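Student: I have a model open and want to go through a few of its elements. Can we take it piece by piece?

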Amino acid sequence: MCGIIGYAGKNPAVLVLLEGLERLEYRGYDSAGVALIENGRIFVEKKVGKIRELIRSLWGKPLKATVGIGHTRWATHGEPCEINAHPHTDSTGEIAVVHNGIIENYRELKEKLQAQGIQFTSQTDTEVIAHLISLYYQGDLLEAVIKVVPELKGSYAFCVITSREPYRIVGVRYGNPLVVGIGDGENFVASDIPALLPFTRHIIPLSDGEIVDLRIDSVDIYDAEGNRIVKEAINVPWDIISAERGGFKHFMLKEIFEQPRTVGDTVKGYVSRDYLLPFNLRDFRRILILACGTSYHAGLVGSYWMNKYLQIPVEVMYASEFRYADVPVNERDLVIAISQSGETADTRYSAISAKEKGATVLSLVNVMGSALDRESDYTLYTHAGPEIGVAATKTFTSQLAVLYSLAVSHLPDRDRFMEKLSSVPHMMEEVLGEAEQIKKVALKYANRKNMLYLGRYLSYPVALEGALKLKEISYIHAEGYPAGEMKHGPIALIDENMPVLVVAPRDRVYEKVLSNIEEVLTRRGLVISVGFRDDETLTKVSKDKIGVPEVDEDLTPFLTVIPLQLFAYYIADHLGLDVDQPRNLAKTVTVE
């Protein structure tokens, strides 16, 4: 969603803010802006569109400010336009605010402020924050913010500056991510760690309800009542190189090709038993997996493994549905919450709800120190490094590695299973070696308007993930279905114009899937298959086939998902679309 960056130091703030904003682009946005304390006044510049438009508008302006805040906006209240873009100021122009999230009671607050004669210039919920701070301000920005926070309802993070205290930024986290960066004679605040990597790796993640008072030479953190809190910085093990494209055309392509390494890095930790959980998964009545989007698909794959090896009930639910459903949860349940960022609102709040009901919460996250990490009873990390492309790729396969490791963790011959898993990265490299052939297949279907993805057993979640990738970045309508369900509706869509991509490794349901393919061919559908490369039967029934190395059926998702990722990527790139920042999407969904 929206991205926040703040800087107080000795260097030109505008340069720091613009670089930070560029590194937050992956969160999704429609406009961008900065507010600087320039010569004792608030200077604001904001533009609709890409950050380059903001850079052009700032070019040549002699800006010397060393304190400022910046923002990329993803519209929730008010259409994308310069008036609604952030930063927003109060009526005097002496206070500027950038904000991520939603103020749920903003209408009530707006009416209250308007009744006092305050004029609004935008349609956003954010503007009420600026006016409220102005109303309470009596010479101390921190005190004003502490008075405002209790009046705000919703999930949000914001940062504020005032020309009356030109050395200071105050930031608040309540539901939406905000991290502090500690530098040498300079300090930073941002929505996400990648924005700070060019400047520092010493990070303090804020918890809900915490307020940071950030100055050039100091960082103080307070609770909502104004009591000072002592928090130690963590050293983030990522470097700036890992967040660069490294010669690839897009971050997404780079991250697809990083998967052998990131899965290997993740597996190494679990092979060496770097994680220790004080319980056996079989001690629980059931396991409930909560996730959204790609993480949900990883959870589905994990549920097959856990059902097989743990022999206890395993359910998978969309976190957004769990939050408002009357699902019975108690102390006999283990909830596994999966989120790449650890900040996904629905997953976080669902996990918190389950914990309040007595369940043990185990989270799978990629970002150490994230909200879900801190709010869970136990955490397992995917060692994928920063994922910049909005469409998740390497974090999906890293999540699979953790889930498989969990599923076999109690087995007497666990080491044998982990040895199999350790062989997967090499086979993933083999699949990536076929990228050009996958590209040729993909471009044959680049102008289609609809596609159907089919799979059974472990290949069903892979089909869902492939369809999601195609929708996300190419804007082609695609649906994933269990192959056995095709006769219960989707078969009506199949004709000579409908490509049907079938994930069909030689596994326990292979013969059934071949029968489903025959049903497609009978209706003249175009079959694209992903299966074992030596499978001549599959080759004969497919218009186009993408082969992967033969592997144990449990491990097929690690290999079969890669062609689907590349298939979607090459189509989107061929169509000239913004692969890394698809329209309307955000990397981290921090609002409902």
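Student: What span should helix H16 have at 1.5 Å a residue, and how far apart are its end C-alpha atoms?
Tutor: This is a predicted model. Helix H16 covers residues 459-474, and at 1.5 Å a residue its 16 residues should span 22 Å. The end C-alpha atoms are 22 Å apart, which agrees.

Student: How many residues of H16 are buried?
Tutor: 14 of the 16, so H16 is largely enclosed by the rest of the structure.

Student: What comes just after H16?
Tutor: Tyr 475, with a positive phi of about 65°.

Student: And what about Tyr 457, where is that?
Tutor: Tyr 457 sits in the loop between strand S21 (450-455) and H16. Its phi is also positive, near 55°, in a residue other than glycine.

Student: Is Tyr 457 buried or exposed?
Tutor: Tyr 457 is buried: its relative accessible area is 16%, and the cut-off for buried is under 20%.

Student: Where is Asn 39, and is it buried or exposed?
Tutor: Asn 39 lies in the loop between strand S2 (31-38) and strand S3 (41-48). Asn 39 is exposed, at 73% relative accessible area. Its phi is positive, about 55°, although Asn 39 is not a glycine.

Student: Changing topic. What is the strand order in the open sheet of five strands?
Tutor: The order is S17-S16-S18-S19-S20, and the pairing is parallel. Strand S17 (314-318) and strand S20 (378-381) are at the edges with a single partner strand each, so one side of each has no neighbour in the sheet. From one strand to the next, the twist averages 20°.

Student: What packs on the sheet?
Tutor: Helix H8, residues 293-310, which touches S16, S17 and strand S18 (333-339). The direction of H8 makes about 170° with that of S17.

Student: How many bridges are there between S16 and S17?
Tutor: Five, in the parallel sense, with S16 being residues 286-291. Leu 288 stands opposite Glu 315 in S17.

Student: Now H12 and H19. At what angle do the axes cross?
Tutor: Roughly 175°, with the axes of H12 (residues 394-407) and H19 (residues 556-574) coming within 10 Å. The two helices are therefore roughly antiparallel.

Student: Which residues make the contact?
Tutor: From H12, Phe 396, Thr 397, Leu 400 and Ala 401; from H19, Pro 557, Phe 558 and Val 561. By class, the contact has six nonpolar residues, one polar and no charged ones.

Student: Last one: which residues does the cis peptide bond join?
Tutor: His 86 and Pro 87, with omega about 0°. Pro 87 is in the loop between strand S4 (67-73) and strand S5 (88-89).

Terms used:
Residues numbered from 1 in each chain as written. Predicted model: local features only at pLDDT ≥ 70, side-chain atom pairs only at ≥ 80, totals over all residues. Heavy atoms only, no water. Helix = DSSP H or I, 4+ residues; strand = E, 2+ residues; numbered from the N terminus. Expected span 1.5 Å × (residues − 1). Buried < 20%, exposed > 50% of the residue type's maximum accessible area, 1.4 Å probe, protein only. Pairing = 2+ DSSP bridges. Axes fitted to C-alpha atoms, helices over the stretch in contact; angles between N-to-C directions. Contact = heavy atoms within 4.5 Å. Parallel < 35°, antiparallel > 145°, perpendicular 65-115°, else oblique. Nonpolar A, V, L, I, M, F, W, Y, C, P; charged D, E, K, R; others polar.
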